[in-house]
Amino acid sequence: MSYVIRLSDGRFIVIDGGRHFEPDRDRLLNCLTENSGGEKPVIAAWILTHPHSDHYLCFIGFMEQYGDRVEVERYILNFPEGDDILHYPKLEKKDRRFEDASGKTNIPKMWAQIEKSGGIAYTAHTGLRFNIGGANLEILASMDDTIHRSSNINASSLVIRMELAGQVILWATDASFSDARLPEKFGEYLKADILQIPHHGIQCGTAEAAMRGYDLIRPSVCLLPISEYNAY
């Protein structure tokens with residue numbers, strides 16, 4: 001999952017970034033440079049939604065390789081650290097598809113790159129609001145809501161309601177509507193013009209909660225982040 005939003009002032013919001021492969025890094029850099037009017041790209045906010053390899057590992061490699069070619073002003077994330085990792089046993093395991101995609105190994109690498117960049121890191125607690133270049137963001141769900149409800153790291157995903165250019169975009173990332181209790185908590189407030197379909201279109205949580213959520217959101221446009229190998 002990798003999304004870039006260009007703001008009216010020419011800066012960007014990046015959501016996740018994708019995997020650790022070099023082509024993902026190159027595509028992201030090309031997207032930023034081609035849309036920055038010849039100037040050094042300024043990322044007003046890099047949002048990292050949860051520690052799964054297809055969402056945040058690109059950030060580490062991108063900053064290692066291209067960190068001097070962009071400016072990142074702030075980061076928005078809510079990742080497990082310290083004792084929190086005990087709630088997510090799979091973070092201790094290596095991903096069978098990669099040399100080492102375990103959260104235990106890579107979350108510290110992520111923080112090292114954040115510190116090196118000089119950008120400010122904000123913990124995305126549920127209920128926080130950010131105004132970034134005309135984009136109004138509200139954190140509807142985070143690890144705050146789900147850490148004691150689920151050991152699935154997808155359930156810790158950020159859910160972000162974004163108002164931008166007169167439209168509402170709901171970034172559901174990999175969240176479980178049932179674990180985050182989104183329909184019960186927000187009802188019609190979930191209505192959005194654009195929905196990023198959660199978890200790549202794969203059911204996460206109960207089907208009943210997902211259907212209630214979709215009925216409330218009623219989007220006109222859906223974004224579906226998939227790769228060729230998992231194009232269900």
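Is G119 buried or exposed? With a relative accessible area of 14%, G119 is buried, where buried means under 20% relative accessible area, exposed means over 50% and partly exposed covers what lies in between, for a 1.4 Å probe and protein chains only. The model is predicted, so that local features need pLDDT of at least 70 and side-chain atom pairs count only at pLDDT 80 or more, while totals for chains, interfaces and linings use all residues. Residues are numbered from 1 along each chain as its sequence is written, and side-chain values use heavy atoms, with hydrogens and water left out.

**Helix α1 against helix α2**

- Two packed helices are described by the angle between their axes and the distance between the axes.
- Helix α1 (residues 22-34) and helix α2 (residues 53-66) have axes that come within 9 Å and cross at roughly 65 degrees, with helices (H or I, at least four residues) and strands (E, at least two) taken as DSSP runs numbered from the N terminus, and with axes being lines fitted to C-alpha atoms, for helices over the stretch in contact, and angles running from 0 to 180 degrees between N-to-C directions.
- On the α1 side the contact is made by D24, R25, D26, L28, L29 and L32, and on the α2 side by C58, G61, F62, Q65 and Y66, contact meaning heavy atoms within 4.5 Å.
- Six nonpolar, two polar and three charged residues make up this contact of α1 with α2, where Ala, Val, Leu, Ile, Met, Phe, Trp, Tyr, Cys and Pro count as nonpolar, Asp, Glu, Lys and Arg as charged, and the others, Gly among them, as polar.

**Helix α2 against helix α3**

- The axes of α2 and α3 come within 9 Å and cross at roughly 45 degrees, which makes α2 oblique to α3.
- The crossing of α2 and α3 is left-handed.
- From α2, the residues Y56, L57, F59, I60, M63 and E64 meet G103, N106, I107, K109, M110, Q113, I114 and S117 of α3, and by class the contact holds eight nonpolar, four polar and two charged residues.

**The loop between α3 and β6**

- G118 is found in the loop between α3 (103-117) and β6 (120-123) and is exposed, with a relative accessible area of 60%.
- G119 is found in the loop between α3 and β6 as well, and, leaving aside its neighbours within four places in sequence, G119 is in contact with V72, E73, Y75 and I114.
- The C-alpha atoms of G119 and E71 are 8.2 Å apart in space, although the two residues are 48 apart in sequence.

**Helix α6 and its surroundings**

- In helix α6 (residues 207-217), the residues A209, A210, G213, L216 and I217 are buried.
- Seen down the axis of α6, these buried residues fall within an arc of 130 degrees, so they line one face of the helix, the arc being that of the directions from the helix axis to the C-beta atoms.
- The exposed residues E208 and D215 are carried by the face of α6 turned away from its buried side.
- Among the elements covering the buried residues of α6 are β10 (167-171), α5 (182-186) and β11 (194-196).
- R218 follows α6 and has a positive phi, near 45 degrees.

**Positive phi in loops, and a strand residue**

- A165, in the loop between β9 (159-164) and β10, has a phi near 55 degrees, a positive value in a residue other than glycine, and A165 is exposed at a relative accessible area of 73%.
- H199, in the loop between β11 and α6, has a phi near 55 degrees, again positive in a residue other than glycine, and H199 counts as buried at 14% relative accessibility.
- Q167 lies in strand β10 and is partly exposed, with a relative accessible area of 38%; leaving aside its neighbours within four places in sequence, Q167 is in contact with M162, D193 and I194.

Note on methods: Parallel < 35°, antiparallel > 145°, perpendicular 65-115°, else oblique. Left-handed = near helix turned anticlockwise from the far one by under 90°.
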